[in-house]
Amino acid sequence: MLRKGLVITTVILLPVAAVLFFMSIHELFRMKTVTVDPKLKEISGIEFDKYKRLWAINDSGDGPVLYMLNKDGTIERKVTVTNAKNVDWEDMTQNSFGHFFLGDFGNNDNKRRWLTIYKIENPIDIKTDTTEAEIIKFTYPEMGDGKVKPEDKNYDLEAFVEYKRNLYLFTKNRTQPFDGITKLYKVGDHAANFDAQLIGEFKTCTTLEKLCWITSAAISPDRTKLVLLDSTSLWLFENFEGDNFFSGYVSRIDLGVVTQKEAVTFYDDNTLVFTDEEYKGLFGGNIYEVKLDQAKRNVIKYRESPQSVQEVPKQ
């Protein structure tokens, strides 16, 4: 009887799982706008310049190059940062003047003690195919000098934003066991060596790390909304106090099927653009768009601390 019951349960659940899977695929691909050039199969950061042209960078393995994209996803232009290296470029952001910041701070093994951010001029002012960068260095004081213990491996980084003349960094959690916490650090926005200052932390999930690793961040042009990206979701933070972005309210936007989503930015205060990496030529390598006033949100409200969140129903 037990075996018969398991067979019946399987027969019922498999079609349900298939339906949910295809619904998840549809949820993501209804947001798709274009497929990007194959040379950008590992996009790790994107940003719009003041003329609303999209720029992108590749992950490690490429040179210190920025790519300007046409609206159809093809490459229009390349700019090389002559005094930079692409050890592990992971995200881009910009300030109100349009200067771009390029984050060479990927730290998968939690072994890099000093990490780098390159600050370049506003791309609309770059007239040739090269530019030079101002170099920002930083380290985590909590990291110490010895080998990082598995339970403390929270010094990888793939996400940052500029806000009020400072740069805010969101760690990619690699703790073992995985505790789902992304930490928020702060450094200056100019050439110097900084000790990153810990500001706060936020827990995404504790199920599978690849589902809720933070891989990119973006801040709206009016500086009132912050977004963090993972493989399944956009986390939207609003009504925060000062520079502790986790002090206000947060809502989660489901992005459908799991793909390697690595870059997000704001086109305007209501429109988000994000990308995913190509996977063996089978899927990914696309640009997607989300309108915040049309997106379905699961609203989350803080209770006693940033580590304790409770979902509340939409009004």
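What share of the 315 residues in the chain is buried? Buried residues make up 50% of them.

## Overall make-up

This is a predicted model. The chain contains 2 helices and 24 strands.

Among contacts between residues at least 6 apart, 52% join residues that are at least 24 apart.

The pairing of β20 with β21 (residues 271-276) is antiparallel and runs over 6 bridges. Phe266 stands opposite Leu272, which is in β21.

Where is Ser220 found? Ser220 is in the loop between β16 (216-219) and β17 (225-229). The relative accessible area of Ser220 is 0%. The cut-off for buried is under 20%, so Ser220 counts as buried.

Which residues are in contact with Ser220, leaving aside its neighbours within four places in sequence? They are Lys225, Phe266 and Asp269. Phe266 is the residue that stands opposite Leu272. Asp269 is 49 residues from Ser220 along the chain, yet the C-alpha atoms of the two are separated by 5.3 Å.

## The disulfide

A disulfide is a covalent bond between the sulfur atoms of two cysteines. How many disulfides does the structure hold? The structure holds 1 disulfide, and it joins Cys205 to Cys212. The distance from S to S is 2.0 Å.

The angle about the S-S bond is -75°, and the link of Cys205 and Cys212 is left-handed. Cys212 has a relative accessible area of 3%, so this residue is buried.

## Backbone exceptions

Most residues other than glycine have a negative phi, and most peptide bonds are trans.

The peptide bond from Gln176 to Pro177 is cis, with omega near 0°. Pro177 has its place in the loop between β12 (166-172) and β13 (181-188).

The other two places are asparagines. Asn110 is not a glycine, but its phi is positive, at about 55°. Asn239 is not a glycine either, and its phi is also positive, at about 55°. Asn110 lies in the loop between β7 (100-104) and β8 (115-120), while Asn239 lies in the loop between β18 (233-238) and β19 (249-254).

Is Asn239 buried or exposed? Asn239 has a relative accessible area of 58%. The cut-off for exposed is over 50%, so Asn239 is exposed. Asn110, in contrast, has 1% relative accessibility and counts as buried.

Technical notes:
Residues numbered from 1 in each chain as written. Predicted model: local features only at pLDDT ≥ 70, side-chain atom pairs only at ≥ 80, totals over all residues. Heavy atoms only, no water. Disulfide = S-S within 2.5 Å. Buried < 20%, exposed > 50% of the residue type's maximum accessible area, 1.4 Å probe, protein only. Helix = DSSP H or I, 4+ residues; strand = E, 2+ residues; numbered from the N terminus. Contact = heavy atoms within 4.5 Å. Pairing = 2+ DSSP bridges.
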